[in-house]
Amino acid sequence: MKRDPLKPKGGFHYYLQSTSGVVGAVLLLFMVIVSICAVFGWLPHDPLEQNVLSAMKGPNSHYWFGTDEFGRDVFSRTLDGMRRSLTVSISAVSIAAFFGVILGILSGYLGRWFDQLIVRLSDVIFAFPAILLALAIVSTLGNSWFDTALAIAVVYTPIFIRVARGPVLTVKEMDYVKVTRILGFSSPRILRKHILPNVTAPIVVQIALSLSWAILTESGLSFLGLGTQPPNASLGLMVAEAQPIAVFAWWALFFPSAFITIVVVGLNLVGDGLRDALDPARRSS
Amino acid sequence: MTQPLLSVTELGISTVQDPRTLVNRVSFEIMAGEAVGVVGESGSGKTLTALSILGLLPRGVAVANGSINFEGNDLTNTSLENMQKIRGSEISMVYQDPMTALNPVMKLGRQLLEVIEAHEKLDASSVARVEVALRDVGIPQVERAMESYPHEFSGGMRQRVMIAMALLLSPKLLVADEPTTALDVTIQQQILALVSEERRKRGMSMLWITHDLGVVANLVDRLIVMYAGNIVEAGTVEEIFNNPQHPYTHGLLSSLPSRSDKSRKRLTSIPGVPQKPWLVGNTCAFAPRCFKASEICTSASPKLVGTLEKSVSCFHPMGGN
């Protein structure tokens with residue numbers, strides 16, 4: 001189909017023009033495929049299977065990433081850990097984004113005491129360092145994967161409140177929103193159809209960035225022993241377990257750390273790419 | 001005499017905290033099918049009066065007294081649901097600045113459908129209704145326009161779309177708050193002609209707010225002149241233009257350039273600056289700038305007296321020609 005040269009180009013076109021966006025998308029895609037393999041159990045070895053005879057073997061053709069001190073396959077465990085990290089952080093960010101965006105938009109739109117209440121509450125949460133607050137919540141909730149997700153969600157909800165509220169404050173004063181009121185639109189309709197679509201860009205970018213922070217927080221919690229519990233695999237936990245034997249078995253520490261780095265870098269680059277694609281002022285052409 | 005469509009009685013608007021009067025004892029009526037113009041300087045309260053009819057006064061400003069009667073409903077004292085039903089379908093408004101008054105991320109067709117959807121169920125005929133509405137206001141290639149975004153249109157075209165939106169549900173009263181100030185003079189004329197014609201076709205009433213006397217002269221039946229939150233003079237266009245009674249109206253008209261006047265005189269202006277409405281108190285608001293002011297003008301406030309054709313609020317009206 002021929003493109004109408006006068007028609008504006010879609011956001012996807014601009015995304016592809018951003019180098020960091022493309023690189024990030026490739027890295028992220030790789031991690032997602034790897035996690036899907038883990039979901040379906042398409043792994044060379046059982047990530048929990050211990051084999052003392054082949055403990056602390058370096059990378060070889062049978063154990064691609066080597067084995068840890070219990071003889072478990074580091075490759076399978078890394079993939080399974082990646083899956084767990086992504087599950088927890090995607091759940092956490094979904095919850096945070098859902099409630100954060102709703103609260104943020106309502107807070108910006110309604111103003112008055114509701115706004116004051118929400119903003120003060122999120123300031124309170126902001127005042128704590130993320131990992132400390134998550135630690136405190138996990139230690140009261142428990143440490144199933146969903147508790148971890150919930151703890152991370154609580155920590156990141158205020159960011160979404162802020163990101164959604166700011167643009168709403170601007171957009172609700174726009175003439176076209178005033179016109180909807182003049183024409184007798186109800187508030188729910190104004191919010192859903194006329195305000196939300198005009199504030200999505202920063203929220204989408206924030207989702208990508210929050211995912212990377214959530215992965216770091218989840219790894220941090222697991223590293224400290226409050227996230228995923230042994231013998232299950234998680235990237236943070238693997239780093240913790242491999243730390244004492246790092247001198248003898250660098251691979252057990254290196255691969256999970258590398259995966260954390262790759263997925264965090266990938267998500268940040270995707271965030272950059274999205275920001276470039278969604279912000280008309282940053283478009284190069 | 002027939003019942004007026006809208007009657008505003010002794011309307012007072014003031015700030016909520018630290019009450020300051022912004023509009024004071026404004027009364028006027030609009031008959032079915034009649035077009036009324038409100039002229040006044042910035043801050044004379046004309047926009048606030050219009051917004052109060054729609055119940056959309058800005059935060060911190062409220063109707064302090066008086067009533068606005070629309071077809072038997074007091075609009076100053078009705079539920080939000082009721083008000084939302086009236087807005088857009090019974091009383092509609094054309095906004096000042098067409099450049100920013102359309103949602104930038106929504107296709108035009110969808111935006112007009114939204115207006116229908118806000119008030120009734122969408123059905124098979126809705127799209128056709130939108131198409132007719134757009135065609136009526138002179139949008140070319142309607143099918144294509146429905147699929148376009150606002151930024152693809154010029155200001156004049158967008159104002160046409162705004163008018164189509166306002167007229168979509170056949171309101172009985174159209175409020176227009178200086179809808180042509182943001183447009184070129186030639187486009188202004190087109191929009192004025194369009195609105196006039198639509199009004200005549202539909203037998204719709206109209207309240208046209210402007211600071212431009214030239215704009216309203218050919219457009220409305222009656223004029224209301226506001227000054228510092230008060231109506232100083234009201235009457236038919238002919239009466240006001242040919243026989244202004246209030247010194248302010250007189251001053252306004254003599255500051256207009258005239259093509260027939262070849263004397264190359266400087267245009268006259270009214271000395272001084274407008275009074276703040278809340279400082280008027282129990283005086284004539286125009287007294288400090290009025291060449292006819294006497295003692296009574298600063299010790300009592302004049303009342304608007306006269307008929308629908310002609311009424312004035314002045315102790316020393318200009319008299320004959």
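**Note on the predicted two-chain model**

1. Ile53(B) is buried, with 23 other C-beta atoms within 10 Å, where a residue is called buried if 20 or more other C-beta atoms, placed from the backbone, lie within 10 Å of its own, exposed if 12 or fewer, and partly exposed in between. The residue belongs to helix α1 of chain B, helices (H or I, at least four residues) and strands (E, at least two) being DSSP runs numbered from the N terminus. Not counting residues up to four places away in sequence, Ile53(B) touches Ile68(B), Leu75(B), Ile91(B) and Val175(B), contact being defined by C-beta atoms, placed from the backbone, that lie within 7 Å. Val215(B), by comparison, lies 162 residues from Ile53(B) in sequence and 22 Å from it in space, C-alpha to C-alpha.

2. On conventions, this is a predicted model in which local features need pLDDT of at least 70 and side-chain atom pairs count only at pLDDT 80 or more, whereas totals for chains, interfaces and linings use all residues. Residues are numbered from 1 along each chain as its sequence is written, and chains are lettered from A and ligands numbered from 1 in the order in which they are written.

3. As to confidence, chain A averages a pLDDT of 86, and 94% of its residues score at least 70; pLDDT is the predictor's confidence in each residue, from 0 to 100. Among the elements of chain A, the lowest mean pLDDT, 76, belongs to helix α1 (residues 11-17) of chain A, and the highest, 92, to helix α3 (residues 74-110) of chain A.

4. For chain B as a whole, the model contains 10 helices and 12 strands, and 42% of the 321 residues count as buried. The radius of gyration of chain B is 21 Å, which agrees with the value near 20 Å that a compact globule of 321 residues would have; the radius is taken over C-alpha atoms, and the globule rule is 2.2 Å times the number of residues to the power 0.38. Along the principal axes, the C-alpha atoms of chain B fill a box of roughly 65 × 50 × 40 Å. Of the contacts in chain B with a separation of 6 or more, 65% come from residues 24 or more positions apart.

5. Returning to helix α1 (residues 46-53) of chain B, this helix is mostly covered, with 6 of its 8 residues buried, namely Lys46(B), Leu48(B), Thr49(B), Leu51(B), Ser52(B) and Ile53(B). Just after α1(B), Gly55(B) takes a positive phi of about 70°.

6. One open sheet of chain B has 4 strands in the order β2-β1-β4-β5 with antiparallel pairing, where two strands pair if DSSP finds at least two bridges between them. Its edge strands are β2 (21-30) and β5 (73-74) of chain B, each of which pairs on one side only. Strand β1 (residues 6-15) of chain B is joined to strand β4 (residues 61-70) of chain B by 8 bridges, and Leu6(B) has Phe70(B) as its bridge partner in β4(B).

7. A second open sheet has 8 strands in the order β6-β7-β8-β3-β9-β10-β12-β11 (chain B), with mixed pairing. Here β6 and β11 (305-306) of chain B stand at the edges, each with a single partner strand, so one side of each is left without a neighbour in the sheet.

8. Within that order, strand β9 (residues 222-227) of chain B has 6 of its 6 residues buried: Arg222(B), Ile224(B) and Met226(B) point one way, and Leu223(B), Val225(B) and Tyr227(B) the other way. Strand β3 (residues 35-39) of chain B runs parallel to β9(B) and is joined to it by 4 bridges, with Val38(B) partnered by Ile224(B). On pairing with strand β10 (residues 230-236) of chain B, β9(B) forms 6 bridges in the antiparallel sense, and the bridge partner of Met226(B) in β10(B) is Ile231(B). The two strands β9(B) and β10(B) form a hairpin with 2 residues between them, and Ala228(B) in the turn has a positive phi of about 50°.

9. Finally, the interface: 22 residues of chain B are in contact with 15 residues of chain A. Elements that each supply at least two residues of this side of chain B are α2 (80-86), β6 (91-94) and α3 (108-119) of chain B, and α3(B) gives the most, with 4 residues.

Terms used: Contact = placed C-beta atoms within 7 Å.
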